[in-house]
Amino acid sequence: MFSSSASNGATAEAVGSGVNNDSPTISLDNVSFGYTKERSILSGISLKVPRGKLVAVMGGSGCGKTTILRLICGQHAASTGTVNVNGQSIASMSRDELFAHRRKLGMLFQFGALFTDMTVFDNIAFPIREHTDLPEVIIRDLVLMKLNAVGLRGTALLKPSELSGGMARRVALARTIALDPELVLYDEPFAGLDPISLSVVGQLIRKLNDALGMTSVLVTHDIAESLKIVDYIYFVSEGKVVAEGDVASIKTSNDPFVKQFVNGEPDGPVRFHYPAPPLTEQFAEARP
Amino acid sequence: MIDGITHWLIGLGASVRAGVTRLGFATRFMIAVFKASGPTFARPRLLIHELYHAGVLSLIIVLMSGLFIGMVLALQGYETLVRFGATEAMGVLVALSLVRELGPVVAGLLFASRAGSAITAEIGLMKTTEQLAAMEVMAVDPVARVVAPRFWAGVISLPLLAALFSTLGIYGGYLVAVKLIGIDNGAFWGQMQAAVDWRYDVGNGVIKSVVFACAVSLIAVFEGFDATPTAEGVSAATTRTVVTSALVILALDFILTVFMFRGSAVG
């Protein structure tokens, strides 16, 4: 089922076989975006995430993976192309519609983004208190359940500054799923986790997706863990989808990009070096 | 030569355009803060929390400064008044200086340094660590949840701090004038009571402190919200808050004084 980007549409249909593929939860259609006019991050990218699926977006550092998540949650607006969620274009949403859309999604930020003036408990209770009228007794139980799911019930009264990086990431995950959102965006959920936490968090993401019927987009570099839990993978390079496929096809793929990325090879279509003049040329420039 | 002038003009034009753009953004931001202020008053716990941080924690520096400035004012005032045999007017000198000018202005400067810089740094760091972005993604408006409570806490606490500054200043003046120098107690308070007008002097002083409070609070929250999300960006924003607030307070003080006390100055 692996395909190169040329057969993008056909493969996306295959992803969602039997899962309401006619109306994907998320679709990016020929989307371009740049933080400045001079430097484009995404250039004509298209991808689809069917309802109820767990889809990974992978690629080298700075290829635009996090930007894709920011476009989906409406933090940035696409320069060209359309970003649709549940059939509605993000660009056409009013402020109220955008906030209504965001109430149905959860996003795990790359560095956690925990509120440093609150305890772990209050961090997780924050979205529940903001969006529901539940009594504190119920909120307490919900928060403890979420903390228990990430193995950190004992840290409820600690401040984020008292947590390690991996623990903070797990607390942030608990906050992301506090309201059991329909759509969850994970930005590097495995970074900084020890092997045990990594495995538990990976399984938790999969179980949440299946048990609650969530749709999830996972941005990660962790090939090994991702291949265990995701349904479909998009590989992004230089702002475009360069390869895609389900887990089985990725594992057996002969595509040079996929092979290089999966096997961590230094040579291949993915450049390790940021574009720069030749080293000898730069050395020569410094000499009198 | 011509190239140099052209470059200079291009640079000047770019700076002016950037300045006007920023002023426009600040104006839109101010409108957004006012629009998003409803939840601040609907959820007073948020406001009380910020009042504690902006107001209560600024008490020590404001009260101590007020006390010492009042004491120095009495010592310096005595040196001048004694030459004219008008030492009984010491109470009037201290009270008018404090309630009309020093109270609002110095309390405003101290507030900008102590609380304004803290507000900018806090909001700037929240932006740097993506806490504001996380709030937005959780469908919580950071202007309503983070900015508006801090703005209103500043607006409420600075006039109160200025009043306390003036009160402690007058008490400091009393300690030096009456207890140390030996000016008559009755003359000190009696002349003050007769010469200080509640509406004209105290009222205008309160208006000044409210205007300064609005200006300093807006500058503090705006600089934090607009800070470049890096360590040096937050540092620069904090510095800008203190410098801009000081200049704005002094400029506004002159303008307000012209309108409020022009009659007595011109005669």
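How many residues of domain 1 of chain A are in contact with residues of domain 2 of chain A? We will come to that on this tour of a predicted model, in which local features need pLDDT of at least 70, side-chain atom pairs count only at pLDDT 80 or more, and totals for chains, interfaces and linings use all residues. Residues are numbered from 1 along each chain as its sequence is written, while chains are lettered from A and ligands numbered from 1 in the order in which they are written.

**Stop 1: the two domains.** Select 3–104 + 182–286 of chain A for domain 1, then 116–180 for domain 2; these bounds come from an automatic or database domain assignment. Their C-alpha centres lie 27 Å apart.

**Stop 2: where they touch.** Here 13 residues of domain 1 of chain A are in contact with twelve residues of domain 2 of chain A (C-beta atoms, placed from the backbone, within 7 Å). Now pick helix H7 (residues 195–211) of chain A: it gives five residues, the largest share of the domain 1 side. Helices (H or I, at least four residues) and strands (E, at least two) are DSSP runs, numbered from the N terminus.

**Stop 3: the sheet.** Show strands E3, E2, E5 and E6 of chain A, which form an open antiparallel sheet in that order; strands pair if DSSP finds at least two bridges between them. At the edges, E3 (42–49) and E6 (88–89) of chain A each pair on one side only. Zoom in on E2 (residues 26–33) and E5 (residues 80–85) of chain A, joined by five bridges. In E5(A), A:Thr82 is the bridge partner of A:Asp29.

Definitions and conventions:
Two residues are in contact if their C-beta atoms, placed from the backbone, lie within 7 Å.
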